[in-house]
Each structure stands twice: as structure tokens, then as C-alpha cells.
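Subject: Structure handover

Hello,

I am passing on the structure we spoke about. Please look through it first; my notes on what was found follow below.

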Amino acid sequence: MERLVIDGGQRLEGSIRVHGAKNAALPILAAVTMLDGESVLHDVPNLDDVQVMLDILRSLGARVLQEGRTVSIQASSIDTTDVPEHLMRQMRSSIFLLGPLLTRFGSVRVSKPGGCTIGTRPIDLHLKGLSLLGAHIEESHGFIACTATRLRGANIFLDLPSVGATENLMMAACLADGETMIGNAAREPEIRDLADFLNCCGARITGAGEDTIYIEGVERLRARDFQIAPDRVVAGTLLLAGAITRGQVQLTNVRPADLTAVITKLRETGVQVNVSRDILEVKSTGVLQAVDRLQTAPFPGFPTDLQAPFMALLTLANGTSVVSETIFEDRFKHVSELQRMGASIKVDLRTAFVQGVRELSGAAVEATDLRAGAALVLAGLAAQGPTVIDRIYHIDRGYEAIESQLRDLGARIARTRPHTVADATYGT
Ligand code: EPZ
């Protein structure tokens, strides 16, 4: 398996463009199955999860052409709604196909997506909502089969502001008969991006980005070209890379309003963050203070996806920070790996007490999930001595060639095969 080798201690400096958002691209790629004609999507990030979604679309019969970050998809040739199990199992987000395939074709069959290292991640809210829209749902032998002659609009109130359930039900409602209201909806920017895309295609969605969304069903949706918005989690990770190496990093192609909670927390640590229309810049002031409380919450609260990367920064802050993970029940797997690098962290259920240390030491560590892996990269950038990170396929799911992005900012980081760790070349 490939590994990342990092020679820490380099200040990161320079400017980098943030690539398109994984969590916007995945539901939009699923939504394409509802459209007549060919969609051309721009700035689709080149990530393993995106490749799995494109493979699923091909397996359903869609024609998919990918050239760099431009993806053209002709969904009219879809001839099955039976999602292959081996692809479903590779990526939980394939559950986004439930709503679109059901509402367009009247049937869909998927295997139950497994949980993952950050929690059980059930899909009960997705299924309850589809049932309210008139779907007949059968679960057996690890598969879920949904059928409906035509979905009908309904009033849905989500127990939790689930991002995926909001997206799945919003898509399903687009071609339903009548009006749907989704209450206690998630408000993440990706919900608004998905609604913008669907409305471009002729959907009638209002309120996306607020806690109540209204969808008036239409007869058909037409394919349109669309630009995927920048990835706010990648942006936050790059800001943290500048901060943890006491450097100065500028991001372009970024939406500062998507990162208000993260910018606020970064400033609380003493880091300088400059904001302009679509540019963000982080600049170390030499001071790094602990924060009294970092608590993840649904948007616009602090994003759970940046909890682990931000914790890496806090391991080097003066004082003790209290980090609470309220979204997923098992999202502290990065703690033990950070401890191997000298971090001083105590965990009590879903709260971590992070006592800053003077320095981290490079070590052999392994990524346990996508954002935990990102946290280890950040820690490696600041650590004294080399860090080797194993199981980096987790990281490749959400960061496009992370070593290239960081090398462009001056990091000494290389991707190697296991037996060649010794002669890692850090590239130009
Ligand atoms: C999306 O996952 C993101 N993934 C996640 O990003 C992100 O962490 C999460 O939203 C929260 O912001 C994509 O967009 C592809 P949820 P999703 O449904 O939709 C519970 C990353 O690193 N829940 O909002 O699966 C669930 O267990 C990934 O890029 C139910 O109980 O998240 C969790 O505790 C990780 N029943 C909470 O809600 C349901 O039916 C939030 O989950 C659905 C969810």
C-alpha cells in the first residue's frame, strides 16, 4: 500500500486554488440520473469517492466521459436501477441514489450501506421520508428495494438535520406529484448547491439552506451544465496547514461564508485570518492559544469534518482545549495516532481534553478514516523528524493528491510504496 512520508518543520507559504467539493459533487452526480439530456459538470474533484460514483452511473447504463475535472453524463441511457453491491459497499454516499432513481424510474435496489469508523450512520431518516412520499420499501438479506408508481408530495419533519436525508428527499420530491415540505432540514452549503443545480434543470425548490425546504414537483428535469462549488473542508484543512506550520497561506476559489465557524475558531487561537470576496489568507502571529470549547454542530456550527484537523492544531496550542464531537458517536480515532506523535489528549466519551505540548515528534502512524488522516498529515507537517502515514487510501477519498497540494506550498512530503520509504524524494 502507498504511504505518505513527511519531513516536518517547514513553514508553508504561498497561494493555492481550492478544488471542487466532494460533498457537493456526490449528490449532484446522483441527481444527474433524473435528467433528460447530457449534463456537463465542471470542477468535479478527482477523488476516489467520485470515481466510485461515476462507476456506479456507468453500471446503471449512463454514458460518462471524464476529462480532468470536467465530467459529461448522458443519463437517458440508464437501463437498470439495481446498484451493484460491490460498488455500494465502497462508498456510503451511494445511498444518495435512492431518491433520484426511485422518483425517475419508479424502482431502486441498493445494498444497505455499512457503517464506518466514525459511527453506525443509519439511514432510517432517508427511508422514513421516502415512505411518507409513497415509496414501498422492502428490506431483506442486506438489500433495500423501493418501488412507487409515482411519488406524491408530503410534509416531512426530520428527527435530525441529516445532510444526506435532506438531499435524498429533496431530490425524490422534485419529480413527485404535488408539494413537499422538509422541516428540520440540514442547512449545509452543499444543500444549497444541490438545489441550485436542480433549479437550473427546471426543479421548483425554495428554502434550501434554511431549516424548511419546499419542493413543488414537476413532470421532468432537463440536463444543464454546472460548476461544482469549492470544497470548504479542503479549504479549512489548507488554512490549518498554514497555521500549524506558522506559515502564511492564501486560498483562492473559496467561499468565506461557508467557513465562518472555522475562521472564528482559528482567530480565537491567535492566528490571523484575512477575508476578502473569494480569497482567504491565514498568517501565523507566532502565538497559538488553546480554545475553551470547540463543539461540532450542524451548519452554521463548527463542521464535524474539521474536528480532527483542528485538533491537530490544538495539540501545539498553549493551554488545554476542550473538543466535543456531537454529530458522530465515534469520531476520535485520530487521538491515539496523535498521541503516538507526542500529543497530550484525554478522551471522555465524546469530549477530548487537548493539552498543548511544545512539539510533536514524527512517527509511524495510520489513517483510520478520511478526516483523521488529514489530521495526521497536519501533525506531520509540524512535527520534528519524519512521519510515515499508512492507509492513505482514506485520505485520497476526499483530498485530490494531497501531497502535491502541500508541496506547492513548500511542504517536504512524498507518496511512496512501502519498501521505498527510505528514499522518499520530496519532489520539486
Ligand atoms: C454528510 O454525511 C457528509 N458526507 C459527511 O462528510 C458529514 O460529516 C456529514 O454530512 C455531517 O455534516 C457527504 O455529504 C457525502 P448526516 P451524512 O446524515 O449525510 C445521523 C466527510 O468526511 N443519521 O448529516 O451521512 C448520523 O448517524 C463526510 O466528507 C441518522 O441517525 O451525515 C449522524 O450521527 C464524513 N439517521 C448524524 O445523523 C439517518 O437516516 C448526521 O449524519 C441519517 C443520519
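Q272 stands opposite K283, a residue of strand 18. The model is a predicted one, so please read everything here with that in mind.

Strand 17 covers residues 272–276 and pairs with strand 18 in the antiparallel sense, over 5 bridges. A hairpin of 2 residues links strand 17 to strand 18. Strand 18 (residues 279–283) also pairs with strand 16 (residues 248–252), again antiparallel and through 5 bridges. Within that pairing, V249 has V282 of strand 18 as its bridge partner.

Strand 21 runs antiparallel to strand 22 (residues 351–355), and 5 bridges join the two. K346 is found opposite F353 of strand 22.

How is the protein chain divided? Domain 1 consists of 3–19 + 230–423, and domain 2 of 22–227. Their C-alpha centres are 30 Å apart. To the contact, domain 1 gives 27 residues and domain 2 gives 22 residues.

Between them the domains bury about 2,000 Å², with 44% of that area on carbon and sulfur atoms. Which three residues supply more than any others of the area that domain 1 buries against domain 2? They are F299, R397 and E400, which together supply 29% of it.

E400 also takes part in a salt bridge with R69, where the closest N and O atoms are 2.3 Å apart. The count of salt bridges between domain 1 and domain 2 is 6. For polar contact, the count between the domains is 13 residue pairs, with both residues at pLDDT 80 or more. On the side of domain 1 that touches domain 2, the elements giving two or more residues are helix 12 (370–382) and helix 13 (393–396).

**Where to start**

Regards

Methods
Residues are numbered from 1 along each chain as its sequence is written. This is a predicted model: local features need pLDDT of at least 70, side-chain atom pairs count only at pLDDT 80 or more; totals for chains, interfaces and linings use all residues. Side-chain values use heavy atoms; hydrogens and water are left out. Two strands pair if DSSP finds at least two bridges between them. Helices (H or I, at least four residues) and strands (E, at least two) are DSSP runs, numbered from the N terminus. Domain bounds come from an automatic or database domain assignment. Contact means heavy atoms within 4.5 Å. Buried area is the accessible area (1.4 Å probe) that two parts lose on being put together, summed over both. A salt bridge is a side-chain nitrogen of Lys or Arg within 4 Å of a carboxyl oxygen of Asp or Glu. A polar contact is a pair of N or O atoms within 3.5 Å; within protein, one must be able to donate a hydrogen and the other to accept it, and residues adjacent in sequence count only if both atoms are side-chain atoms.
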